[in-house]
Amino acid sequence: MQAQEPAPAGADLATFAARRFPQPVRVGDLINRRVLQPLESRPVLGHVVRVIRAKDGAVEIVIRYGSLFGLGGRPIAVPVNAMVLLGDELEILDFTPEQLNTFPSFDAAGTVTMAANDQLLMGLAHPSH
């Protein structure tokens with residue numbers, strides 16, 4: 001059971017994310033946070049490694065996907081507009097684990113790691129239970 005409504009297929013993530021009450025967040029406050037799937041059971045999908053600005057200027061959150069307690073897994077970059085804050089954790093709303101499995105491993109070439117004091121806007125979520 002999903003608590004949040006994901007963006008419809010083909011929807012512009014930025015437009016859909018604007019309906020999630022974006023709030024300013026310091027990049028440094030996101031590092032090492034758990035990333036969850038928005039289900040009542042709250043499965044952990046990974047942990048935040050860094051926040052980057054991609055070649056096209058889009059902000060993405062690099063997570064260690066499939067890690068156990070922050071160990072193992074592989075880094076993938078998820079658009080910030082597909083994620084929301086949920087207390088001390090993040091949830092990926094607009095991609096299923098099956099879709100995330102198809103994401104390429106993160107390649108830092110041409111990207112810029114955002115500084116800890118940089119701010120970005122992230123939507124808010126309410127608990128799924």
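1. Start with Asp29 and Arg26: their side chains meet in a salt bridge, with 3.3 Å from N to O. Keep in mind as you look that this is a predicted model. Asp29 is partly exposed, at 37% relative accessibility. Arg26 is partly exposed too, with a relative accessible area of 29%. If you wonder what brings such residues together, side chains of opposite charge can pair when their charged atoms come close.

2. How many salt bridges are there in total? The count comes to two. The other one to find joins the side chains of Glu89 and Arg34, at 2.1 Å from N to O. This pair links distant parts of the chain, since Glu89 sits in strand 7 (residues 89–92) and Arg34 in strand 2 (residues 34–36), 55 residues apart. Arg34, at 35%, is partly exposed.

3. Now turn to strand 4, which covers residues 59–65. Is it mostly covered or mostly open? Mostly covered: six of its seven residues are buried. On one pairing, seven bridges join strand 4 to strand 3 (residues 44–53), and the two run antiparallel. If you want a pair to click on, His47 has Arg64 as its bridge partner in strand 4.

4. Strand 4 also pairs with strand 5 (residues 74–79), again antiparallel, through six bridges. Here you can pick out Tyr65, which stands opposite Arg74 in strand 5. While you are tracing strands, a handy rule is that in a regular strand the side chains alternate between the two faces of the sheet.

5. Which residues form the aromatic pair? The structure holds one such pair. Its members are Phe95 and Phe103, with ring centres 5.1 Å apart and planes at 80°, so the pair is edge-to-face. Phe103 is buried, with a relative accessible area of 15%.

6. Phe103 turns up again in the lining of the largest pocket, along with residues including Ile52, Glu60, Ala77, Pro104 and Phe106. The space in this pocket is about 170 Å³. What kinds of residue make up the lining? They divide into seven nonpolar, two polar and three charged.

Notes:
Residues numbered from 1 in each chain as written. Predicted model: local features only at pLDDT ≥ 70, side-chain atom pairs only at ≥ 80, totals over all residues. Heavy atoms only, no water. Phe/Tyr/Trp six-rings, centres within 6.5 Å; stacked < 30°, edge-to-face > 60°. Buried < 20%, exposed > 50% of the residue type's maximum accessible area, 1.4 Å probe, protein only. Helix = DSSP H or I, 4+ residues; strand = E, 2+ residues; numbered from the N terminus. Pairing = 2+ DSSP bridges. 1 Å grid on protein atoms, 1.4 Å probe; cavity = no way out; pocket = protein on both sides within 12 Å on 5 of 7 lines; lining within 4 Å. Points joined across faces, edges and corners; volume = space filled by probe spheres on them. Nonpolar A, V, L, I, M, F, W, Y, C, P; charged D, E, K, R; others polar. Salt bridge = Lys/Arg side-chain N within 4 Å of Asp/Glu carboxyl O.
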